[in-house]
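Work through the two exercises below with the model open beside the text, and try each task before reading its solution.

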Amino acid sequence: MADDTSAPIPFTVRRATLGDEHAWEQFTQRWGSFLQSWRWGELRRESGWQPVRFLAERDGALAGLIQGLYRRFYSSIAFVYVPRGPTVRDEAALIPLLEAVVREAQRLRAWFVRLEPELPQGHALGAQLTTAGWRSVPFHTQLPHTVRVDLRPDEATVLMSFRQTWRRFIRQATARSVTVREGTAADLPRFSALERETAERQHILGRSLAYYERFWRHFADHGARLWLAESEGLLLGALLVLEWA
């Protein structure tokens, strides 16, 4: 019987090494979330997490990657968390990458692998994961929805897409001489204090100043921006933004 030369070349899945860092960052910048970036893994390493990284290659080309974060909290409790991954340009690489992480989690004697992929609702991968034995959970670490605002129209059109209440707030801010400026690392303590105040008021989880300082150190030269809204020297609002992909 003749060989079927039309059959796709299987993926080669291997553990990532330091030599893969540059290609990894380029790939996530184009195809994935910053939560799958190499530098995010290094940031989390400083908080006690161990990055677990695998690459999927086909015919010498990078087809996908996955970064899990492993941590052992007590002598007998450990797990691997995969935020917004895997990152692929060929969806056929999804399952081989997940299988690699599961095998690594078993080797590390983790209790479970928690996966929060960045996929649209109803994506076929959901059924594949269920068939493969994955189970959905009723709570999320990352927000389950993403809001996208099209910035290509002119400013007036973009503003009209906002709710009337928000448009009124914007007009009031202009009338009250609220100014917005770009901040620096020196402004992080003010940002952090305001974030803690907001978290307490809204009963949500906040982060420490040290966390934001680590984030700034890893991402300030890679898309991070801090914006501060002030009036007569009083900080009214702040926003930490990451330009990615």
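Predicted model: local features only at pLDDT ≥ 70, side-chain atom pairs only at ≥ 80, totals over all residues.

Residues are numbered from 1 along each chain as its sequence is written, and side-chain values use heavy atoms, with hydrogens and water left out.

**Exercise 1.** Determine the strand order of the sheet that contains β8, and find which helix packs on that sheet.

Solution. Begin with the elements, which are DSSP runs numbered from the N terminus (helices: H or I, at least four residues; strands: E, at least two). Two strands pair if DSSP finds at least two bridges between them. The order is β7-β8-β9 in an open, antiparallel sheet, with β7 (179–182) and β9 (234–242) as the edge strands. Eight bridges join β8 (residues 224–231) to β9, and E230 stands opposite L235 in β9. Helix α7 (residues 188–202) touches β7, β8 and β9 (contact: heavy atoms within 4.5 Å). The direction of α7 makes about 100° with that of β9, where axes are lines fitted to C-alpha atoms, for helices over the stretch in contact, and angles run from 0 to 180 degrees between N-to-C directions.

**Exercise 2.** Decide in which sense β4 pairs with β3 and with β6.

Solution. Strand β3 (residues 61–74) pairs with β4 in the antiparallel sense over five bridges, and a hairpin of two residues joins β3 to β4. With β6 (residues 112–116), β4 pairs in the parallel sense over five bridges, and P83 stands opposite E116 in β6.
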